[in-house]
Structure formats: structure tokens, C-alpha cells
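The sequence and structure come first.

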Amino acid sequence: MPALYVVPTPIGNLEDMTLRAIRILKEVQLIAAEDTRTTRVLLDHYEITTPLISYHEHNKLQRLEDIFQALESGDVALVSDAGMPGISDPGYELITAAIEHGVNIIPLPGANAAVAALVASGMPTDSFVFMGFPPRKTSHLRQFVEALVDEKRTMVFYESPHRIRTTLSVLAEIFGDRPIALARELTKMYEEILRGNLTDLIVHFAETQPRGEMTLVVRGKPEDEILLWDETRVRAALAARLADGEKRSRAVKAVSDESGWDRRTLYDMDI
Ligand code: SAM
């Protein structure tokens, strides 16, 4: 019975292809690729001549039929631009549809930025949570981070250099000054892993222009963290909500719930 191979590709360094991944890409009859031009560079490097079809965010539903047609007569491989397909990349819909069609799914292990950053971070790896890309809109970002405030597991995020400053400041505002590792340009020439507290990275990126691909690994809430926030943190959280246009009553309730401060004191603060 034909199979759908899920084949990870390098996240920067072309050498991060396994021997098996190269063989499978040579043997399948079709490769479904997020961007055929990107994948063509990889295939040329490894002298792979298998036909390519595009499978990306905007055509992924229309393309299912073509891929299932191909699967009737032979194996197909799914690749994304970098790393593991389906991890913040197209793949999920194809894989679930293929399972429903009774297609055998064969995943190959390989390059993935989240796992590489996690193991290099020095944070606990026994239990972690992958959160993908945080939302872009600041109010949504804040809600997203607030929902994680009690998360004890190590958290892994993808982020772009354009949004990293905002994301770091919202993380610091809501989590307090937690340890973080930022893995930048993994497997590439300018690979760098910055470790410190959130405020250290905020200071770093105030002085340095953020560049390149980055993955964040943030320490979960320590078991013994004191629930009460200091006044600076309470004021910052309240001010941020009010600046976002939130009603005072709503903002006070939310900050009170998070911080342990009583509502009356928050109401009376001159913010
Ligand atoms: N499927 C990929 C994987 O398995 O890692 C992730 C694709 S997602 C569209 C791209 C994001 O992954 C980047 O914005 C960055 O956050 C992270 N990333 C990809 N390559 C990276 C690298 N070389 N170093 C650090 N982070 C990287």
C-alpha cells in the first residue's frame, strides 16, 4: 500500500539531511513541497530528480485531490521549506486527510528548530510545551501570554526578528523576570544562543538590531513562585490594559486575579 512519507529538511545547514531522507526523496514518485523553488535547491544539491508539486498554506485544500491521486499509484513525500512539515508549517491537513483515507504515514526524524533550541537552552526538558508563533496583535499576544502565566513546563515559541522586542516585553510584563534562552540562526554560520533573564534580552535587543530566525525557550513558573507581584509589576500590567482600551473594572479584575492584589487598591491607583 502506498505511503505518505513526512520528510524533515535542514533548517539552515544543508548537511542536516539524513541518509534515509535523501533515499526516500529519490525513491518516491512525487514530492509535495511548501515552496518548490526552495526545495529545488535542496534536491539539486543531492542530485534528486523526483517531480515536485506545490503544497502550501493557500492551496493546501485544493491540492489534496492531486496528492491522493498520486498516492493511488505510488509513494509521496511531504516536505516544507525547513524543518519538520506540520510544525508551524503546512502538513497537518494533508496528514489527517491521509489517515482518514487509510494511507500509511511514515514520519522521518530530523531537523526541527524547537527541539534543537530546547535541548541547548539548559531549561528542563522532561516536560515542555510547544506554542508555535505567538499572535501578532499586541492585545491577542497579551491574552496568549496571560493564559500561560501558571504554566510550569518549559515553553518553546517561534518568533520573527520584527516582533521579538514586543514579545519579550509582554513576556516580562506578565511573567516577571523569568529565565529565557533565545536560539538564533541554528545550524547556520551566525548561530548564537543567548541565555539570561527576560530583562537581559530586552536590554540586549535595545542595543542590537534583532536579525535572523529565532526560537525562544522560556522557563515555566517555578513551583514556589510567590503569587504576589511587586507594585511596579502591578502598575505596568494595569497601565498596559488601560492603554489597550480595556475598561477599568475589567482591567482591575484581571490584574487582581493574576497578582493577588485587592481590587480596591488597584481601583485607587493613579493610573
Ligand atoms: N517546520 C520548522 C521546524 O520544524 O522547526 C519551523 C517552520 S516555522 C515557519 C519557522 C520558524 O522556526 C522561524 O520563524 C523560527 O522561529 C524557527 N526557526 C526556523 N529555523 C530556525 C533556525 N535556524 N534557528 C532558530 N530558529 C529557527
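On a 1 Å grid over the protein atoms alone, a pocket is an open set of points with protein on both sides within 12 Å along at least five of seven lines. A molecule sits in a pocket if more than half of its atoms lie within 2 Å of its grid points. Here, the largest pocket is the space that the ligand takes.

The model is predicted, so to speak of local features requires pLDDT of at least 70, side-chain atom pairs count only at pLDDT 80 or more, and totals for chains, interfaces and linings use all residues. Numbering runs from 1 along each chain as its sequence is written, and side-chain values use heavy atoms, with hydrogens and water left out.

Around the ligand there are 19 residues, of which Met84, Asp89, Asn112, Tyr158 and Met214 come nearest; a residue counts as near if one of its heavy atoms lies within 4 Å. By class, this shell has 10 nonpolar, four polar and five charged residues.

The table gives polar contacts, pairs of N or O atoms within 3.5 Å.

| Residue atom | Ligand atom | Distance |
|---|---|---|
| isoleucine 11, backbone N or O | nitrogen | 3.1 Å |
| glutamate 159, polar backbone atom | oxygen | 3.3 Å |
| threonine 215, side-chain N or O | nitrogen | 2.8 Å |

The protein covers 90% of the 580 Å² of accessible area that the ligand has on its own (Shrake-Rupley method, 1.4 Å probe).

Domain 1 (3-107) and domain 2 (113-218) both give residues to the shell, so the ligand lies between them. The domain assignment, automatic or from a database, also gives domain 3 (231-268).

Notes. A polar contact is a pair of N or O atoms within 3.5 Å; within protein, one must be able to donate a hydrogen and the other to accept it, and residues adjacent in sequence count only if both atoms are side-chain atoms. On a 1 Å grid over the protein atoms alone, a cavity is a set of points where a 1.4 Å probe fits but cannot get out, and a pocket is an open set with protein on both sides within 12 Å along at least five of seven lines; lining residues have an atom within 4 Å of a point. Ala, Val, Leu, Ile, Met, Phe, Trp, Tyr, Cys and Pro count as nonpolar, Asp, Glu, Lys and Arg as charged, and the others, Gly among them, as polar.
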